[in-house]
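Me: I would like to learn how to read a protein structure. Please take me through this one, feature by feature.

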Amino acid sequence: MSRRISGFKPTGPLQLGNYVGAIRPVVRGQHEQPTVAFIADLHALTVQHDPALVQALSREVAGLLLATGIDPGHALLYRQSDVAAHLELHYLLECVTSYGEAHRMIQFKEKGGGGGSRLSLLTYPVLMAADILLHDIEEVPVGNDQRQHVELTRDLAERFNERYGPTFTVPRAVHPAVAARIADLAEPGRKMGKTNASTAGVLFLLDPPDVLRRKVMRAVTDTGTEVVYEPQQRPGVANLLDILGALTDRDPRAVAGDFQGMGYGRLKTAVADAVIATLEPIQGRYRALTDEDIETVLADGAERAAEHADRTVRRARIALGLTGGRRAPAGSPATPVTAGRPR
Ligand code: TYM
């Protein structure tokens with residue numbers, strides 16, 4: 001039984017990549033494994049943001065997590081900024097992170113990180129490490145784009161444990177077998193993302209069925225007519241097969257076999273049907289939720305999350321030699337400082 005966590009940044013409406021890459025794996029295991037799902041709203045502040053929008057998107061993301069099947073009776077669902085331990089552990093972990101390793105993170109470069117960007121864009125992978133380590137997590141179900149951040153988390157946990165004594169569980173990333181990186185339908189070389197400049201190739205979970213169908217039917221495919229699974233040579237068709245394979249729990253190569261002798265149009269129709277069949281019930285459940293339902297779940301989740309997280313921060317404080325973590329027994333004499341070796 002491994003403890004698992006996944007986080008979702010409210011920088012835009014959730015899209016199919018979030019669902020296939022992280023939400024569904026989390027939902028599927030929640031009854032067997034202790035599971036944490038949280039709204040990573042502090043991460044949304046690393047780039048220019050509109051406060052009202054972050055607040056609204058946080059609630060929407062939480063509602064969609066409930067609608068996709070996160071069961072608050074089993075999983076912990078909360079908003080990151082409601083649990084102050086994330087911020088405290090972030091700083092403590094910065095003290096075992098080098099500038100160089102933060103600077104090497106791909107997403108800093110991809111998001112245009114440079115002299116004018118927010119300092120938090122540079123340090124946000126350390127916040128992500130704090131998110132994970134707070135909960136003594138063993139498995140982090142994420143899409144491929146988060147692999148490097150989980151590697152950093154492992155490095156920091158191991159380094160901390162080595163320097164200051166066993167404190168953190170060392171986690172590992174787990175990726176879905178199919179569709180760990182869904183591509184943008186209009187630009188198959190690019191990841192489908194919430195904040196992609198054009199939304200023509202992004203399937204949002206709350207897009208109406210006719211919009212979903214239109215986006216799929218207009219997906220960029222490759223020259224050729226045969227449906228074959230060749231991600232390098234034919235990334236557009238492979239992406240459609242990945243989506244259909246993921247949504248029907250089949251290997252994309254086997255899915256390709258169903259379309260022998262048929263054109264891309266038939267494949268697109270089947271993908272659109274599968275996407276709509278998956279998302280329509282989710283949209284119905286989302287619409288039935290009120291803001292109050294969502295806020296009640298989040299408040300309860302934050303309270304439960306804080307209990308575990310505060311215990312972890314306390315362990316880290318004690319290991320680092322911070323006074324708040326350990327009270328001297330009443331009446332004990334003050335001990336003289338003898339310089340130890342800095343670590
Ligand atoms: P975010 O909000 O960008 O994405 C949420 C999850 O969705 C996955 N994902 C995808 N998977 C497959 N194909 C895609 N096109 C696709 N797009 C997104 C992401 O890999 C992710 O699993 N830094 C994280 C949020 C975070 C977090 C954490 C995750 C903060 N703290 C702790 C796990 C554990 C992020 O920006 O995800």
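Me: Among contacts in the protein between residues at least 6 apart in sequence, what percentage join residues at least 24 apart?

Reply: A contact means heavy atoms within 4.5 Å. In this protein, 75% of the contacts between residues at least 6 apart in sequence join residues at least 24 apart. A word on the source: this is a predicted model, in which local features need pLDDT of at least 70 and side-chain atom pairs count only at pLDDT 80 or more, while totals for chains, interfaces and linings use all residues. Residues are numbered from 1 along each chain as its sequence is written, and side-chain values use heavy atoms, with hydrogens and water left out.

Me: How many helices and strands are there in the protein?

Reply: Helices (H or I, at least four residues) and strands (E, at least two) are DSSP runs, numbered from the N terminus. The protein has 12 helices and five strands. Its radius of gyration is 22 Å, close to the 20 Å from the globule rule for 343 residues, so the protein is as compact as a globular protein of that length. That radius is taken over C-alpha atoms, and the rule is 2.2 Å times the number of residues to the power 0.38. The C-alpha trace spans about 85 × 45 × 40 Å along the principal axes.

Me: Into which domains is the protein divided?

Reply: Domain bounds come from an automatic or database domain assignment. Here the protein is divided into domain 1 (4-179 + 290-320) and domain 2 (209-288). The contact between them takes 14 residues from domain 1 and 15 residues from domain 2. Their C-alpha centres lie 30 Å apart.

Me: What percentage of the residues count as buried?

Reply: Buried means under 20% relative accessible area, exposed over 50%, and partly exposed in between (1.4 Å probe, protein chains only). Of the 343 residues, 51% count as buried.

Me: Is Met-128 buried or exposed?

Reply: Met-128 is buried, with a relative accessible area of 11%. Its place is in helix α6 (residues 119-133). Leaving out residues up to four places away in sequence, Met-128 touches His-43, Gln-146, His-149 and Val-150. The C-alpha atoms of Met-128 and His-149 are 7.3 Å apart, although 21 residues separate the two along the chain.

Me: Where is Thr-153, and what does Thr-153 touch?

Reply: Thr-153 sits in helix α7 (residues 147-164). Thr-153 is buried, at 0% relative accessible area. Beyond residues up to four places away in sequence, Thr-153 touches Ala-129, Ile-132, Leu-133 and Pro-171.

Me: What do the buried residues of α3 pack against?

Reply: They pack against β3 (76-79), α6, α7 and α12 (291-320). The buried residues of α3 (residues 85-94) are Ala-85, His-86, Leu-89, His-90, Leu-92 and Leu-93.

Me: Where is Thr-221?

Reply: Thr-221 is in the loop between α8 (209-217) and α9 (235-248). At 23% relative accessibility, Thr-221 counts as partly exposed. Leaving aside neighbours within four places in sequence, Thr-221 is in contact with Val-237, Leu-240, Tyr-264 and Lys-268.

Me: What is phi of Asp-136, and what is phi of Ala-179?

Reply: Phi of Asp-136 is near 50°, a positive value in a residue other than glycine. Asp-136 lies in the loop between α6 and β4 (139-141) and counts as buried at 16% relative accessibility. Phi of Ala-179 is near 65°, also positive in a residue other than glycine. Ala-179 lies in the loop between β5 (172-174) and α8.
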